[in-house]
Amino acid sequence: MADKTFYIDEDVGQDTAEQTGADDVPYKSLGFAVFTQGEEHKFLTRKSLTGDIPEGLDESSRMEWKPVAKAAMKKAVNYAKAQQKKAAKEQELLAHRSKQEAERNKVLEEAKKIVIEEDKTLPEAVKIKLDDTDPKKVKLGKDDVKGTRVRVFGRVHRERKQKMNTFLTLKDGYGYMQVLLQGDLAKTYDILTLTRETSMEILGELKEVPEGAKAPNDRELHADYFKIHDGWKAAGGDDAITNRVSKDTEHATLLDLRHLTLRGETASKVMIVRDAVEYAFNQAYRELRLRKVSPPALVQTQVEGGATLFKLPYYNEDAYLTQSSQLYLETCLPSMGDVYCIEKSFRAEKSLTRRHLAEYTHIEAELDFITFPDLLDHLEQIMCRVIEITMEDPVVKQSILDLNPEFQMPERPFKRMRYSEAIDWLIEHNIPNEDGEPHKFGDDIAEAAERRMTDIINRPIFLTHFPVEIKAFYMQKDKEDPRTTESVDCLMPGVGEIVGGSMRMDNLEELMAAFAREKLDPAPYFWYTDQRKYGSSPHGGYGLGLERFLAWLCKQHTVRDCCLYPRYFGRCKP
Ligand code: 4AD
């Protein structure tokens, strides 16, 4: 019955539950009024304060309440019906959810009552790492053969719940293991509420996986007991690791949460390859009879120009963080023969490119009594040998292939290209310099141009004989073309420069002239220049950026993902 009147003011009305719809507290829309009060009433509407006054009316007509048009009423009724339907659905969903929650709570309460205990009559369990396949330690169970009972520790990488069973993939940094929890084990509170990254101790029998099924090392741990010790549970809900870092998380956030990102498959593979590569460099150098030394990180001389020096107070003096250990390596030649080091170098680069870090691992070597071609041959040999050694470990090899499926051993010999030829190549291919002009002799080939060239040529390149002006003061000049130096950059597809090296000036007067040319005071370098005073020699060396080498080998977009906790302009944490 239309016994009540409700008011709608399209300008000052409000569609809220507090509104009564009386003329002093009107609704804003007819739809809402019908939805809340029902369609059987009388509805009056007006535009009170704003909007153009229709022709033929004056200001007073604004304030008049008018009955609603038929069409508007029909629309409002439809709207109200749709809203009612929606509300009913929501109600239903809510009821369903709370029913589900109640059921789950009941199951969880029941689960709390299940207490599992280790069966002490079973054979003693052998503690193994997840990748241990040593047949002396572990036998796989088959239909008619009992497998070894093992004790493993690890974190939950994945879980898959079935009606009766739960499958887990456990990880421990060495490998992955599939675990099958059956019976009461799968019904415990701990398993029903299990979160990713939770640490577990699991005991059980190692068995072959059923035919056709896939699992790491083709085996499965049939658990007979497990324990999640105090404090071993990983956060769940909003705080669960999967809600904090995932494939879709922004790169900056991934770096903010690097400690969690490192647990992911990609990051851990890169770090495992990194360990292997660093080890391989040590082995390859040893094979070539280079000795390892450890030069200081705190220094008072520059190597690669003052612009990228980190300066710091050092007692009552100033010091810098080293840019390169090269000058120190040179001083070791007379006493130790060829030497190398794997140390941190620091560059106060203000660039945010994908291949610049403020702190990076610098693999540097220095070789005595050599020629420039010897240096290039050595570089090629060491890089290829390192890859060879790295790929000998099947787990590491698989990690590289997972990260970089198209990886192939570089073709030898590496392409050799003089700087002047590169300039011609860039002109021919219409790749401009930084000013947008065609390249000319003397230009520093910028990162973008260098990478385009390397990507098009698509194989390792030794770019040699850079002009004196764009290279460091210590580089030996080429006797045939003294405008240029006996210098080399090794360029790799996808990354660009990963190695910088040269023969070193071994003549004292020439070196002093170079200091003068660069307006560098030679006094603090007395220990370096003295090398030319006490038995000089033709020698040379290079520095290889480990993170850039890895970015190439593991096909990573940026060097930031190739070190543990990257440091670059604007980031010094975590
Ligand atoms: O070309 P660079 O500056 O050469 C030197 O430091 C020589 N003193 C090395 C030597 O002859 N012993 O650096 C060598 C390599 C580069 O090719 C690059 O791989 C890496 O070090 N590098 C960087 N890596 C990451 N971030 C940076 N800011 C880097 N600067 C150089």
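Modeller: Just after helix 13, the residue Asn458 adopts a positive phi of about 55°; helices (H or I, at least four residues) and strands (E, at least two) are DSSP runs, numbered from the N terminus. Please keep in mind that this is a predicted model, in which local features need pLDDT of at least 70 and side-chain atom pairs count only at pLDDT 80 or more, whereas totals for chains, interfaces and linings use all residues. Residues are numbered from 1 along each chain as its sequence is written, and side-chain values use heavy atoms, with hydrogens and water left out.

Biologist: And Arg289, what is its phi? Buried or exposed?

Modeller: Arg289 is not a glycine, yet its phi is positive, at about 65°. The residue sits in the loop between helix 8 (265-287) and strand 10, and at 69% relative accessibility Arg289 counts as exposed, where buried means under 20% relative accessible area, exposed over 50%, and partly exposed in between (1.4 Å probe, protein chains only).
Phe369, also not a glycine, has a positive phi of about 50°; it belongs to the loop between strand 15 and helix 10 and is exposed, with a relative accessible area of 60%.

Biologist: Which peptide bonds are cis?

Modeller: One of them runs from Arg412 to Pro413, with omega near -5°, and Pro413 lies in the loop between helix 11 (394-403) and strand 16. Another joins Lys573 and Pro574, with omega of about 0°, and Pro574 is found in the segment after helix 16. As background, most residues other than glycine have a negative phi, and most peptide bonds are trans.

Biologist: Back to helix 13 then. At what angle does it cross helix 12?

Modeller: The axes of helix 12 (residues 419-428) and helix 13 (residues 447-457) cross at roughly 85° and come within 11 Å; axes are lines fitted to C-alpha atoms, for helices over the stretch in contact, and angles run from 0 to 180 degrees between N-to-C directions. Helix 12 is therefore roughly perpendicular to helix 13, given that angles under 35 degrees count as roughly parallel, over 145 as roughly antiparallel, 65 to 115 as roughly perpendicular and the rest as oblique.

Biologist: Which residues meet there?

Modeller: From helix 12 there are Ala422, Trp425 and Leu426, which meet Ala449, Met453, Ile456 and Ile457 of helix 13, with contact meaning heavy atoms within 4.5 Å. The residues of this contact divide into seven nonpolar, no polar and no charged, where Ala, Val, Leu, Ile, Met, Phe, Trp, Tyr, Cys and Pro count as nonpolar, Asp, Glu, Lys and Arg as charged, and the others, Gly among them, as polar.

Biologist: What do the buried residues of helix 13 pack against?

Modeller: They pack against strand 16, helix 12, strand 17, strand 18 and strand 19. Those buried residues are Glu447, Ala449, Glu450, Arg451, Met453, Thr454 and Ile457.

Biologist: Changing topic: what is the strand order in the open sheet?

Modeller: The open sheet has eight strands in the order 10-14-15-20-19-18-17-16, with mixed pairing; two strands pair if DSSP finds at least two bridges between them. Strand 10 (291-292) and strand 16 (415-418) are the edge strands, each pairing on one side only. Strand 10 runs parallel to strand 14 (residues 339-346), the two being joined by two bridges, and Lys292 stands opposite Tyr340 in strand 14.

Biologist: And strand 20, why call it largely enclosed?

Modeller: Strand 20 is largely enclosed by the rest of the structure because seven of its seven residues are buried. His539, Gly541, Gly543 and Gly545 point one way from the strand, while Gly540, Tyr542 and Leu544 point the other way. Strand 20 pairs with strand 15 in the antiparallel sense over seven bridges, with Leu367 opposite Gly540, and it is joined to strand 19, again running antiparallel, by five bridges, with Gly501 opposite Tyr542.

Biologist: Which strands does helix 10 lie across?

Modeller: Helix 10 (residues 372-392) lies across strand 15 (359-368), strand 16, strand 17 (461-464), strand 18 (487-492), strand 19 (496-503) and strand 20 (539-545), and it runs at about 30° to strand 20. Helix 16 (residues 546-553) also packs on the sheet, touching strand 15, strand 18, strand 19 and strand 20, and its direction makes about 60° with that of strand 20.
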